[in-house]
Amino acid sequence: LGPPPAPASAAIPAADLRRGNLLFKKMCGQCHNARPEGTHTVRGPNLFGFFGTKAGTAVEAWGGTPERLKSSGLKWDDATLMNWLEDPRAVVPQRRNDRSCMAFRGMDREDERRDLVAFLKLLVPE
């Protein structure tokens, strides 16, 4: 026999999509938009539909410098985004004279990262 099942209170809480949307506006909206139609912003690519793509794809479409992200070989999935949102420079280290990939420093709270990732996953074409 294995260990007893974990009590229900130990389960991972469901993501709060409303809070994820608010966090996107607060943490990402200064440089990114997430609209199904429209262009990127002056500061960063449109993040609509980026979930599940290879890192650097949105930056390249935006006209930015995608080499550092593309060379990472990452795909934007739950685990990658959770790590990126916690500490982007640990996931894809900065290179000298490379100003791509934002000045974003990361988010400390795991629950906020989880809510933001859940919101970003909804931004997909139908």
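This is a predicted model: local features need pLDDT of at least 70, side-chain atom pairs count only at pLDDT 80 or more; totals for chains, interfaces and linings use all residues.
User: What makes up the secondary structure of the protein chain?

Analyst: The protein chain has six helices and zero strands, and its pattern along the sequence reads α-α-α-α-α-α.

User: Why is the pair D111 and R19 called a salt bridge?

Analyst: The N to O distance between the two side chains is 2.9 Å. The cut-off is 4 Å between a side-chain nitrogen of Lys or Arg and a carboxyl oxygen of Asp or Glu, so the pair qualifies. D111 lies in helix α6 (residues 110–121) and R19 in helix α1 (residues 17–28), so the contact ties together parts 92 residues apart in sequence.

User: How do you know whether R113 is buried or exposed?

Analyst: Its relative accessible area is 5%. Buried means under 20%, so R113 is buried.

User: Which residue forms a salt bridge with R113, and why does the pair count as one?

Analyst: The partner is E86, with the closest N and O atoms 3.9 Å apart. E86 belongs to helix α4 (residues 78–86) and R113 to helix α6, 27 residues apart.

User: Why is E86 called partly exposed?

Analyst: E86 has 42% relative accessibility. Buried requires under 20% and exposed over 50%, so E86 falls in between.

User: What joins R19, R109, D111, E112 and D115 into one network?

Analyst: Salt bridges that share partners join these residues. The whole structure contains seven salt bridges.

Key:
Residues are numbered from 1 along each chain as its sequence is written. Side-chain values use heavy atoms; hydrogens and water are left out. Helices (H or I, at least four residues) and strands (E, at least two) are DSSP runs, numbered from the N terminus. Buried means under 20% relative accessible area, exposed over 50%, partly exposed in between (1.4 Å probe, protein chains only).
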